Amino acid sequence: MSHRGRRGHDRGMSETSSADAGGFEPGKLRTAPTQMRRSRDDRYIAGVCGGLARYLNVDPVVVRVIMAALTVVGGVGIVLYGAAWLLAPEEGSDQSMLESHLPAGPRVRMLGWIVAGVIAVAAVVGSGPWFDWGWIGPFPLLGLAVLIWVLARPRSSGSAQPAAPTAPTTPPAGSTTTAPGAPPPPPPPGTEPTTPIPQSPTAADATGPGAGSTTAMSSTTAMLPAGEGEEQTTRLPMVPPPNAPAGAPPAEQTGEPPPPLPPPAPTPAGPPPSPPPPKRRFDPTLTWLTLATLVVAMGLLWLIDQTITDVNGPIYLATGIAVAGAGMLVGTWWGNGRALIPVGVVLTVVLIAVSQLPVWKFGEINEAPTNAADVRSSYQMGAGQIRLDLTRVTDLEALDGKTIHLETGLGQTRVIVPRNLDVTVFADLNAGDVRVFDREANGADASTQYTDPDGPDPNLRIDIDGSLGQIEVTRA
Amino acid sequence: MKRHPLDVVSLVAAVIFLGVFGIWLGVDHGDLSIADIGWLTPSLLIVAGLAGVAASLRRR
């Protein structure tokens, strides 16, 4: 922990206490989600731990250690850190990064915290024996990283200086556009920043929780303004580039804190009548075009489903992903397709979830066949219940040597076996509870086998599979 | 909708989502098995990232 950081923390605490002394507001609930601010001067990545420590009035080291510990528990720390990055405003600001991009205002913040809490709980559960995330694991984090990356970019030159614009922002516009993940370029010889920025250590210092992954993110973030500047220069050549060469650093850039969001009104400090900063207007044409195409595609699939052949849920989702992806591909050169990214993320997450189901079928199968010919060899349910009662089968000897396969993605599978039938049961469940007569297994990868001792009765083999839920085989 | 300099964010996102669609197609309707997702997904990220790197360098 650096000396600089600690000094900043102390200063911050006195600020907080003086702010708290302002008086009791009975109508206002003070909670971390509403009151916490990201620290400007005590930060390794985005000032989340420093800000939380200030809010709780504890040593930031304690918060950082807890956050690091939570990161080990199913990545909860990373989820919460990312959420706070998006949802907690910086000190001196009332608008979080997410709010500044959405019209809904502060109400979004509470909703966002609730969503983050649910994800965090799911992550804890996911790290336990209940549900194996398997290869899905990195996807939610990937989505979060992309969201932060996109939102953390400054929208226009002077306004909303993002979380950590440090060294990489100072080189002249257009000289550096480096890809995400690449090491930051050395500043060109002549452009050594002469005015050291006191707070916010560079991303390289980051040792906080999740440093491994977030360092890449923050350096990416810091990298972007250069490219942004270039874009603006091409668009509005008469306006001075936002990150002007080091010769004459603009006054607004060194004067902290900058106004939180709306493009700054002409500030008195600035040079006389400076032209308004370039506004990047969002052109929604491509977004609407793509969404309209999406609607057409969904309609066509539905029509196919009604007339030609069955179209199941995953096909709708995958087609949606393809259309959104195509829109983004167009947006690479024409129009702005970035608003489609969240659409693609949501569709992908849902597609991954429903891919866990063996079939696209929901509800209940409840059968009690009365003769062996009616006993199917396979029963499948996506989410729901299968109940197969074999006790009413009159010609049990016809089942001899056969195999029945039952599969339920999400839910319960129950088989009731008559006394005068010998069975061999193989039951496999990714997570949940398996009971085959007197044998039980539960937790992750619950599986069990059972074989009746060889007797005069006919023999039937029963295979049962499932992702999540319960398997029960009983004897009448 | 005007033509603009290559947008790296859109390019990377497009590669990822079209790749997700491709993987789904291969697994659901092609010869790929569920297990193949294990190497296809990381490969997709590598390809998308490399596309982003290349595009960023070219844009400069």
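**A walk through chains A and B**

Let's start with Glu91(A), which sits in the loop between α5 and α6 (107-127) of chain A. This is a predicted model, so every value here is computed from it. Is Glu91(A) buried or exposed? With a relative accessible area of 16%, Glu91(A) is buried, because the cut-off for that word is under 20%. Setting aside the neighbours within four places in sequence, Glu91(A) is in contact with Arg37(A), Arg38(A), Ser39(A), Arg40(A), Asp41(A) and Arg54(A).

After α3(A) comes Asn57(A), which has a positive phi, near 60 degrees.

Now step back to look at chain A as a whole. Its secondary structure comes to 12 helices and 6 strands. Chain A has 476 residues, and 43% of them count as buried. Among its contacts with a separation of 6 or more, 67% are between residues 24 or more positions apart. The accessible surface of chain A is about 23,600 Å², and carbon and sulfur atoms account for 64% of it.

Next, have a look at the aromatic rings. Over all chains there are 3 aromatic pairs. One of them joins Tyr81(A) and Trp85(A) in an edge-to-face arrangement, with 6.4 Å centre to centre and 90 degrees between the planes. Where do Tyr81(A) and Trp85(A) lie? Both are in helix α5 (residues 76-87) of chain A, 4 residues apart, which is about one turn of the helix. An α-helix has 3.6 residues a turn, so residues three or four places apart point the same way. Both partners are also buried: Tyr81(A) has a relative accessible area of 6%, and Trp85(A) comes to 1%.

Further along chain A, follow helix α10 (residues 285-307) and helix α11 (residues 313-331), whose axes come within 9 Å and cross at roughly 155 degrees. Because an angle over 145 degrees counts as roughly antiparallel, that is how α10(A) runs to α11(A). The crossing of this pair is right-handed. On the α10(A) side, the residues that meet α11(A) include Leu286(A), Leu294(A), Met298(A), Leu301(A) and Trp302(A). Their counterparts in α11(A) include Ile315(A), Tyr316(A), Gly320(A), Val323(A) and Gly327(A).

Chain B has 60 residues, of which 47% count as buried, and it has 2 helices and 0 strands. It exposes about 3,200 Å², with 67% supplied by carbon and sulfur atoms.

How do α11(A) and α1(B) run relative to each other? The axes of α11(A) and helix α1 (residues 8-29) of chain B come within 8 Å and cross at roughly 150 degrees, so the two helices are roughly antiparallel. Their crossing is left-handed. From α11(A), the contact includes Pro314(A), Ala318(A), Ile321(A), Ala322(A), Gly325(A) and Leu329(A). From α1(B), it includes Leu11(B), Ala14(B), Phe17(B), Leu18(B), Phe21(B) and Trp24(B).

Notes:
Residues are numbered from 1 along each chain as its sequence is written. Chains are lettered from A and ligands numbered from 1 in the order in which they are written. This is a predicted model: local features need pLDDT of at least 70, side-chain atom pairs count only at pLDDT 80 or more; totals for chains, interfaces and linings use all residues. Side-chain values use heavy atoms; hydrogens and water are left out. Buried means under 20% relative accessible area, exposed over 50%, partly exposed in between (1.4 Å probe, protein chains only). Contact means heavy atoms within 4.5 Å. Accessible areas come from the Shrake-Rupley method with a 1.4 Å probe; for residues, only the protein chains shown count as cover. Rings of Phe, Tyr and Trp (its six-membered ring) pair if their centres lie within 6.5 Å; planes under 30 degrees apart count as stacked, over 60 as edge-to-face and the rest as tilted. Axes are lines fitted to C-alpha atoms, for helices over the stretch in contact, and angles run from 0 to 180 degrees between N-to-C directions. Angles under 35 degrees count as roughly parallel, over 145 as roughly antiparallel, 65 to 115 as roughly perpendicular and the rest as oblique. A crossing is left-handed if the near helix is turned anticlockwise from the far one by less than a right angle, and right-handed if clockwise.
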